[in-house]
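Subject: Structure handover

Hello,

Here is the structure I promised you. Please open it first, then read my notes below.

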Amino acid sequence: MPDPEIPVEISHLRKVLGGRPVLDDLSLTLRPGEITALLGPNGAGKTTLIGCLLGLLSVDGGTVRLWGEDATSLRAETRARIGFVPQTMTGFTWFRVGELMAYLSRYRARPDDTEDRTWEDWAALDPRARIKTLSGGERQRLAIVLALRFRPDLIVLDEPVASLDPQARYDFMRLLPAYARRSGASVLISSHIISDLQDTSDRFIMMRHGQVMLDMTAREIAATVRRLSGPPDAGWNLDVIAAPGAAPGTAQGAEGVWVRGWHPALDAAAAAAGHAMLPGDIERLFLALTR
Ligand SMILES: Nc1ncnc2c1ncn2[C@@H]1O[C@H](COP(=O)(O)OP(=O)(O)OP(=O)(O)O)[C@@H](O)[C@H]1O
């Protein structure tokens, strides 16, 4: 049943491009107030997924629902609840920064001067600058400000920080979760800079070849994912999720064996078996899953 409380519900999504499935039987749910990191190597299908999620691309199978509505036929009020930061901002080049903000403000459903100031102060753009003269990073800042000033309930960001300088990136990765906590917005952020996402995300979705390889909350990963020095005992009932460097047909990886389903009762047995247990470090887990 479609649920009007759930910002995004994707079920068995299939998308074919150039004659091959780029997204294949993909399901995921984004919940209110949660920051979800979307990770995956180049070509995994992240941008295509975002296109389907926003209703910009048609789907070849499955469903994409935003607050219970089909993504390709959202009502205008529902569309107004979404803030999207694309990989690169195009268009509006003839405007000056201040003119564009003033122009778009006319269409805002929920003006909020405090939010405006927070993001405008962060972006530190000259309102008189013409958009066509902005640098790549300045355009990225503008795209972020434009998406977030509308106080969206769902924020979708496709690699928003790649061209930001370290200071702007650092500040943004602190302002974004603060906004999500304040507003209860659901955030989906795709990025290759995993260190930025490690401490700020509540949930991690790792994609490869158009499929979800792992979808877990940060808490679940910390509590139940471990890297062992060798294969686990069969009686421990653990799922081996990655064994990078493993010889075909074996679970033994040169860089350890990643398992899920860990629980503290196993600590003593694992220590006796000589396992060096490391908690789930997101970046190493991602590298192991995608190697
Ligand atoms: N219009 C198209 N026609 C054919 N293939 C396409 C088209 N658009 C994308 N693809 C293919 O779909 C796959 C997924 O592309 P997508 O841009 O979604 O990946 P991504 O995970 O966002 O990658 P990146 O991290 O490089 O941005 C790629 O192999 C790409 O070549």
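Two residues are in contact if their C-beta atoms, placed from the backbone, lie within 7 Å. By that rule, and leaving aside neighbours within four places in sequence, Leu100 is in contact with Phe92, Phe95 and Ile131.

Two notes on reading the model. It is predicted: local features need pLDDT of at least 70, side-chain atom pairs count only at pLDDT 80 or more, and totals for chains, interfaces and linings use all residues. Residues are numbered from 1 along each chain as its sequence is written.

More on Leu100. It is found in helix α3 (residues 97-105). Helices here are DSSP runs of H or I with at least four residues, strands are E runs of at least two, and both are numbered from the N terminus. Leu176 is 76 residues from Leu100 in sequence, and 22 Å away in space, C-alpha to C-alpha.

Now the whole protein chain. Of its 291 residues, 36% count as buried. The chain has 10 helices and 14 strands. Its C-alpha atoms fill a box of roughly 65 × 40 × 35 Å, taken along the principal axes. Among contacts between residues at least 6 apart in sequence, 70% join residues at least 24 apart.

Best wishes

Notes:
A residue is buried if 20 or more other C-beta atoms lie within 10 Å of its own, exposed if 12 or fewer, and partly exposed in between; C-beta atoms are placed from the backbone.
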